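Open the model in your viewer and keep the sequence panel beside it. This tour moves from stop to stop, telling you what to select next.

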Amino acid sequence: MIKNYFKIAWRNLWKNKVFSFINVIGLAIGMAACIVIMLFVLFERSFDNFHKKNIYRLNEVQKFEGMVSSQKVALSMFPMGPTLKNEFPEIKNYARIWWTDKFQMSNNEKRIYLPQILFVDSTFLDLFDFKLLAGNRKKVLQQPKSVVLTHSTAEKLFGTENPIGKTVTHYGGDTMSFLVTGVLENVPRNSQMQFDALFSFSTIIEPGYMNMWGGNWLNTYLELADNTNVPALEKKFPAYLKKYMAESDNWKNYELFLLPLKTVHAGASDIGLDSINYQKFDKRYTNIFSIIAIIVLIIACVNFMNLSTARSAERAR
């Protein structure tokens, strides 16, 4: 019986080739467009979901004299990470990040440019769940002049050799050698942080950096305790700023606020100087694209049903 139904359906399709082609192709294109749009939406909404800890990015609202309006920036000050952790029990850990691009690296005669590298605190891999292929997660970034390469970077510099324990050189204006202490799996494309190597922050720290209040040049990420009341924590920040920047009234020019890591990629469209937010996107557009996908699918289905109904009426006559 079922086989007979398929035969009849095939005969009808074959008998009316043009009509069948228009009807089926119209529905197929509508479904394909809907699927492509939804795949894009799902990809955008998947950013940083592989990190498991309760991580927030510290941001500033700057309002200096002479400015027409205040501005939100993704930057923060060097001393903020450790002092915030000491001041507030809700903050379990922190990691600071400074980035640079077109970073030259060499292994003997082999020289390459890395599109982007990060200088990070030794706690970076405690907060973020990037997969480490080789090395000790707790120790790879502890010592100055340590570097953790991504798998692709390690292949470019060392080929099939094991890079652990070997030395690479930065051959720019300040030539410096680094010990390879680890290898990371290549960074997922749905990570707001895209990098080719991690360098220990202690390499570039100088005496006096803890007094650099007012210097905004890095990103600070905080791990908060579970069930932390974030708005209540943010209300404590003005007193914190006043305490550490009391020598002048400069603290009045800043406000601090927190943004969940998993919403940074699509929820920071109004925040400037957001340099390591890969393919930054506005979440409002993902909602619009979702609606468009549904409308396209509905139109395709309605069109298919209308044409099929018209054809069935003709067959009935």
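Helices (H or I, at least four residues) and strands (E, at least two) are DSSP runs, numbered from the N terminus. With that in hand, select N227, in the loop between β11 and α6 (230–234). The model is predicted, so local features need pLDDT of at least 70, side-chain atom pairs count only at pLDDT 80 or more, and totals for chains, interfaces and linings use all residues. Residues are numbered from 1 along each chain as its sequence is written, and side-chain values use heavy atoms, with hydrogens and water left out.

**Stop 1: two positive phi values**

Stay on N227. Its phi is near 65°, a positive value in a residue other than glycine. Most residues other than glycine have a negative phi. Is N227 buried or exposed? N227 is exposed, with a relative accessible area of 81%. Here buried means under 20% relative accessible area, exposed over 50%, and partly exposed in between (1.4 Å probe, protein chains only).

Now select K102, in strand β4. Phi of K102 is near 50°, again positive in a residue other than glycine. K102 counts as exposed because its relative accessible area is 63%.

**Stop 2: V230**

Go to helix α6 and pick V230. V230 counts as buried, at 13% relative accessibility. Which residues does V230 touch, not counting residues up to four places away in sequence? They are Y56, L224 and L258. Contact means heavy atoms within 4.5 Å. Draw a C-alpha to C-alpha line from V230 to L258: the two are 7.6 Å apart in space and 28 residues apart in sequence.

**Stop 3: N59 in strand β1**

Select N59, which sits in strand β1. Why does N59 count as buried? Because its relative accessible area is 0%. Show side chains: that of N59 makes a polar contact with the side chain of R57, at 2.9 Å. A polar contact is a pair of N or O atoms within 3.5 Å; within protein, one must be able to donate a hydrogen and the other to accept it, and residues adjacent in sequence count only if both atoms are side-chain atoms. Setting aside residues up to four places away in sequence, N59 touches V73, A74, L75, E255, L256, F257, L258, L259 and I271.

**Stop 4: helix α3**

Select residues 80–87, helix α3. M80, G81, P82, T83 and L84 are buried there. What covers these buried residues? The cover includes β1 (55–62), β3 (76–77), β4 (91–107), β11 (216–224), α7 (237–244) and β12 (254–260).

**Stop 5: the largest nonpolar core**

Select F124, F128 and L198. These have the most contacts inside the largest nonpolar core, which has 25 residues. The elements giving two or more residues to this core are β4, β5 (110–120) and α4 (124–127). A nonpolar core is a set of buried Ala, Val, Leu, Ile, Met, Phe, Trp, Tyr and Cys residues joined through side-chain atoms within 4.5 Å. In soluble globular proteins, nonpolar side chains tend to be buried together.

Zoom in on L198. Leaving aside neighbours within four places in sequence, L198 is in contact with L118, V120, F124, L125, L141, S146, V147, V148 and L184.

**Stop 6: K280**

Select K280, in the loop between β13 (271–272) and α9. K280 counts as partly exposed, at 30% relative accessibility. Its side chain makes a polar contact with the side chain of D274, at 3.4 Å. Beyond four places in sequence, K280 touches H265, A268, S269, I271 and D274. K280 and S269 are eleven residues apart in sequence, and their C-alpha atoms are 7.4 Å apart.

**Stop 7: helix α9**

Move on to T286, in helix α9. T286 is buried, with a relative accessible area of 4%. The side chain of T286 reaches the backbone oxygen of K283 at 2.5 Å. Not counting residues up to four places away in sequence, T286 touches V41, E44, R45 and F281.

Next, select I288, also in helix α9. I288 is partly exposed, with a relative accessible area of 42%. Helix α9 (residues 283–316) gives the largest share of the patch, four residues.
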